[in-house]
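Visitor: I would like to go through this model and ask what stands behind the terms used for it.

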Amino acid sequence: MIALAMLHAGVHRLPDEAPGWTWAPSVVVPLLLSALFYAIGYMRLQRRAEGGRAQHRRHALRFAAGWAVLALAVVSPLHEGGERSFTLHMIEHELIMVPAALLIASARPLGVMFWAMPATMRQGLKGGARWWQGLADPVVATALQALALILWHAPPLFDRALGHEAWHIAQHLSFLITALLFWWAMTRASGRSALVAASCLFVTSLIGGGLGALMAFSTSPWYAGYAAMGMMPFGLSPAEDQQLAGLVMWIPGGMAHAGAALILLARLFRPRREADAIG
């Protein structure tokens, strides 16, 4: 899945033709390989598992849904549209970092994908899996994602990413990895750690929402790459396009994290309320 961070086959160019579907091997091959590895691992695991098959099916459905959202974001015309509009670029980022990453992380795909590999390879990757689990602490994962969001939306780094392919790949790699790690940590939290996770979700909603609000209220474009284009799609100026992108990051993005926090708190306190009612 990490290879999917190499989402842009070109570097913020503005083609003459209308946005189309992206069939570049750098996008399609990682998508197909991830699906193939998961499918092989799932079938092998199903043959070996005597119980828990219903749970495996639920996880498989989540992975399929997350994979579909991710594929839609990076293959559909939305992807090429992001080269022309910061708003479309922001929608692509939000799809990758919220619904796609949440669904994939909650499916716990690494364990399934391991079953698609030879035994010797699985043994070699155990150390990496333990390292990933160690980073999947709610506070650590929140800090890493917040750092990626803030640094990569700073004008110097964002403009560098728009103008250089290697930096653009690094930007998307950071967003993908930190989003998967973040939701991995949030979805596995339980008991006392669920309170910490809910707090982290609220903090993340404030960070993303605050950054989006700054963009929404700014009267001048932050990024030279988009400002140089002049009139944007939909008849928007670069400043107006950025303001709309800020609203996308502020409202839907912030509400998604705040809503996840409320759901986590509701699940945490439901048993206590039921116990009080019985007592």
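**The surface patch**

Guide: Phe217, Leu244, Leu247, Trp250, Ile251 and Met255 form a nonpolar patch on the surface, and together they have about 590 Å² of accessible area. This is a predicted model, in which local features need pLDDT of at least 70 and side-chain atom pairs count only at pLDDT 80 or more, while totals for chains, interfaces and linings use all residues. Residues are numbered from 1 along each chain as its sequence is written, and side-chain values use heavy atoms, with hydrogens and water left out.

Visitor: What makes a nonpolar patch?

Guide: Its residues have over 30% relative accessible area and no salt bridge, and nonpolar side chains (Val, Leu, Ile, Met, Phe, Trp, Tyr) are joined within 5 Å. A salt bridge is a side-chain nitrogen of Lys or Arg within 4 Å of a carboxyl oxygen of Asp or Glu. Areas come from the Shrake-Rupley method with a 1.4 Å probe, and for residues only the protein chains shown count as cover.

Visitor: Why is Leu247 called partly exposed?

Guide: Buried means under 20% relative accessible area, exposed over 50%, and partly exposed in between. Leu247 has 34%, so Leu247 is partly exposed.

Visitor: Which helix gives the most to the nonpolar patch?

Guide: Helix 12 (residues 238–278) does, with five residues, and Leu247 lies in helix 12. Helices (H or I, at least four residues) and strands (E, at least two) are DSSP runs, numbered from the N terminus. The chain has twelve helices and zero strands.

Visitor: How much of the chain is buried?

Guide: Buried residues make up 44% of the 279 residues.

Methods. Patches are made of residues with over 30% relative accessible area and no salt bridge: like charges are joined within 9 Å, nonpolar side chains (Val, Leu, Ile, Met, Phe, Trp, Tyr) within 5 Å. Buried means under 20% relative accessible area, exposed over 50%, partly exposed in between (1.4 Å probe, protein chains only).
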